[in-house]
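Please keep the sequence open as you go through them.

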Amino acid sequence: MVSISFLNPLSPEGKDIVRELGSFEGISDDIPELRRLVTRNPSQEIVDDKEIPSNYLELALKRIEWYIKKKHDREFNSRRYSFLSDYSITKYDVISFYLLCQAIGVKFGPNSRETRVMVEAQGDLIQERMGKLSIQESRLMVDQSLAMLLHDDMVHWTFFQELLSTRKIRLTELVLDNGELILNEEDFLHRFGSRIKHRNPDSMYQLLIGDELKELIMVKMIMQETEDYIKQVHEKARVMVEPNPILLELADEVAEVLAEPMQHYGYGSGRSGGPMKAGPLNPLAFPPCVKKALEGIKSGGRNDAIVLFMTPFVSYARLYPDVFRMNITKRVSDQDPQLQITENEVLPLIYEAAQRCVPPLFDDQPQEKVNINAKLGFGMHSTLKMEHEGETTWYTPMSCEKIKLHLPHLCRPDDVCKKIGNPLSYYNRRIWEVMNLDKEDSDSEDNPSSNNVDNIQNSDIQNSDIENSANNENKNSDDSNSGEG
Amino acid sequence: MDLKPATPNERRQYYREEWDVNDIPEFIRKTLTQREFGFDHMGRGPNDRYRVFQNTDYLRKFMRYRTPFAAYSSVAFYHKPRRRDGWIKAELVFDVDAKDIPIRSCGCENVCEICLNQAKDIVHGLIDTIQGDLGLSDIHVVYSGRGYHIRVLDDKVMGMDSDVRSQIVKYLVGSDVPRSEYSSHGMKYNLEHFTVPFGYPQVFTDRVKQALLNLNLDTEIDEVSKDIKKAVIKHRELLSEDQWGLFRKEIGPVRYARLVKGIASLNLTLVDAKVSIDLKRILRLPSSLHSGVSMKSTLIKNLETFDPFQDAVPKFVYERKD
Ligand code: SF4
Ligand SMILES: [Zn+2]
């Protein structure tokens, strides 16, 4: 019988296993039993003996390696990791889970990429393991786990605040009635049965809730608990004395596994090609929202569009286009030591867009220049000075999701948009296509020969001048005002 | 009735003769000292901010003496409202502005009776979902002068961050197309949103219906051609009888999918999401004058019978000579 702790190491069963182990002593010793279990597994493929985990630490690394390879290695072979779904390793698996969380918590903290990977990997692993169970078994496991995680039959949706806030679960995925989350079949039939016409209510329950949704909630809750546990470890470690050197070593090894894909299989979403180098801006590759903003904002929301949206986008696209891939925080001057590109290419393009707003942004709000400098990381000052750099941070570009919320009129998604979650990723994707692949396939509205910034800057001035004089509406009629001031 | 701006004299008349501090809803008066107040004196935006009133009497005097162009108070509660510091919690707010309704049947310049009524219908739908799905009950509706504010004060949601609030907005307005493919035991099944009579799919169906019934040929929807719009107008009668299956067949399944996707993204502007996710926003003070259109921002007791052109018009408008 599968133990709950195989899915949720943070369950009481899981905690018992840790307690039994007691201390770190002998944590890196060989475990012949583990080797035996791995080699005995009939679906296990072993190319090299060195691949067989022979202690807790190696097993821990295998968990991360499995996730990274699965994500990034196009030649990923799941049979080499079959042992990870074999519940006879539960005892060792649980310990390795705790080791990973502690190592990552101590060394990297809860907001690190390592934590993100650990949490995601745990989620994927649970799903992989569930997939190996029979329907009866998996339903039983889900029901047991949920009973443990939810404590109560009736759960108000606000209980999932954290999962919603971290977007692990979308509110629209939950089935709600009167604020309560509907999970149980009887409850479902009682509340909705009479409304369901032309369908069998039982099968509707199975489809909408029975299998997928319950499992989803279980998985996401365990992921959240994993994240919370890492946070706890991190906080405790800050007040404790020396962390165990074994943990620090493991943390370094985790970081190494994570660094690998960037060198080997081109980190990112399956796109080939090396890392994105910074280079002159190519307006042909701008996403629809940026093109729209460059035409000038005519209908309110000028400040946000220029300061919060355009400034980060233009600066990162020009200076550090692969920020999300590298996941390393930088300053503008790391990429542009003399600030020449910033002064001569980045700011002019932002100012141009500001000028084309109606009314021109700096005419009535000259202080926004200071805010632009702040978003570039140079504090609240009217000029860019090296000595001020670092007083604020260099804002990374808003995600599409944020844009759709804050500046809905800018977002006019096209086909490329379906594949990305951030305008900067759009740019990286497109620029690579524009440069390397299909030169003839560039957007028909654009002039394919206009491969420079000047062209797009001049394209629409006339238009906006006409609207400018025609538009005198009173912009003070807003009913509400931002507290950001 | 034309919605002309109020003159300074009219403002003075309003605050000295008509307005009463007790017209401010109780949910604001009893938390007065925890809120930040902001004022717009010149009609150029609320730049007199960080104001705090120790009691209603100070507020009363301030309004009478200064007769502001516009008055606002924070949705947030602070330990130190004067510094906008020590944030405790914030009302959950939805701002439905008649001027910004994505599919307007009137086509007017500013706001008019038609779009204000449409705004009211939207508010009705949102409140149904806030109560029926989200199970919240401490709900106040305020006429803002150009639309409606829904203000929710249930303790369960007042502490929520912007990310959760943005999820709530998406649920209420129907901005995600519900998935139609489900699987069970390795088999795939298709369930269109309109076949699920509860939960989010039902909310989505309601919002789409509202949009389709108001749509006209000039409504711009992403990737939806004039032909599709013509077909919608021709067949939308079916929707009044909830014949969704037939309607979808008439439109064609591919074009139908494109249509609902377009409407889903328009739905995101049913409310001003910026207002809902801002934890420190100031909002027009109910009972104060919207000087731009000469109407009173008004707490609504019965949304059914509320008529802005009856219930939110200050006296001075009737006394105007022109
Ligand atoms: S989907 Fe993203 S990149 Fe595309 S237009 Fe919208 S915000 Fe821009
Ligand atoms: Zn109108």
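1. Among the elements around ligand 1, helix 20 of chain A contributes the most to the shell, with three residues. This is a predicted model, and the elements that supply two or more residues to that shell are helix 13 (288-294) and helix 20 (400-406) of chain A.

2. The residues around ligand 1 include Cys289(A), Cys400(A), Cys411(A) and Cys417(A), and also Lys404(A) and Arg412(A). Sorted by class, the shell holds nine nonpolar and two charged residues, with no polar ones.

3. Turning to the contact between the chains, 61 residues of chain B touch 48 residues of chain A, and the two chains bury about 4700 Å² between them, of which 53% is on carbon and sulfur atoms. On the side of chain B, the residues that lose the most area to chain A are Gln167(B), Phe198(B) and Lys274(B), which together make up 14% of what that side buries.

4. Four salt bridges are found across this interface, and a salt bridge joins the side chains of Arg170(A) and Asp176(B) at 3.9 Å, N to O. The side of chain B that touches chain A takes its largest share, seven residues, from helix 6 (residues 162-173) of chain B, and by class that side has 21 nonpolar, 18 polar and 22 charged residues.

5. A word on confidence: the mean pLDDT of chain A is 83, with 86% of its residues at 70 or more. Confidence in chain A is lowest in helix 23 (residues 461-470), at a mean of 29, and highest in strand 2 (residues 176-177), at 97, while residues 438-478 of chain A have pLDDT below 50.

Note on methods: Residues numbered from 1 in each chain as written. Chains lettered and ligands numbered in written order. Predicted model: local features only at pLDDT ≥ 70, side-chain atom pairs only at ≥ 80, totals over all residues. Heavy atoms only, no water. Near = heavy atom within 4 Å. Helix = DSSP H or I, 4+ residues; strand = E, 2+ residues; numbered from the N terminus. Nonpolar A, V, L, I, M, F, W, Y, C, P; charged D, E, K, R; others polar. pLDDT = per-residue confidence, 0-100. Contact = heavy atoms within 4.5 Å. Buried area = accessible area lost by both parts, 1.4 Å probe.
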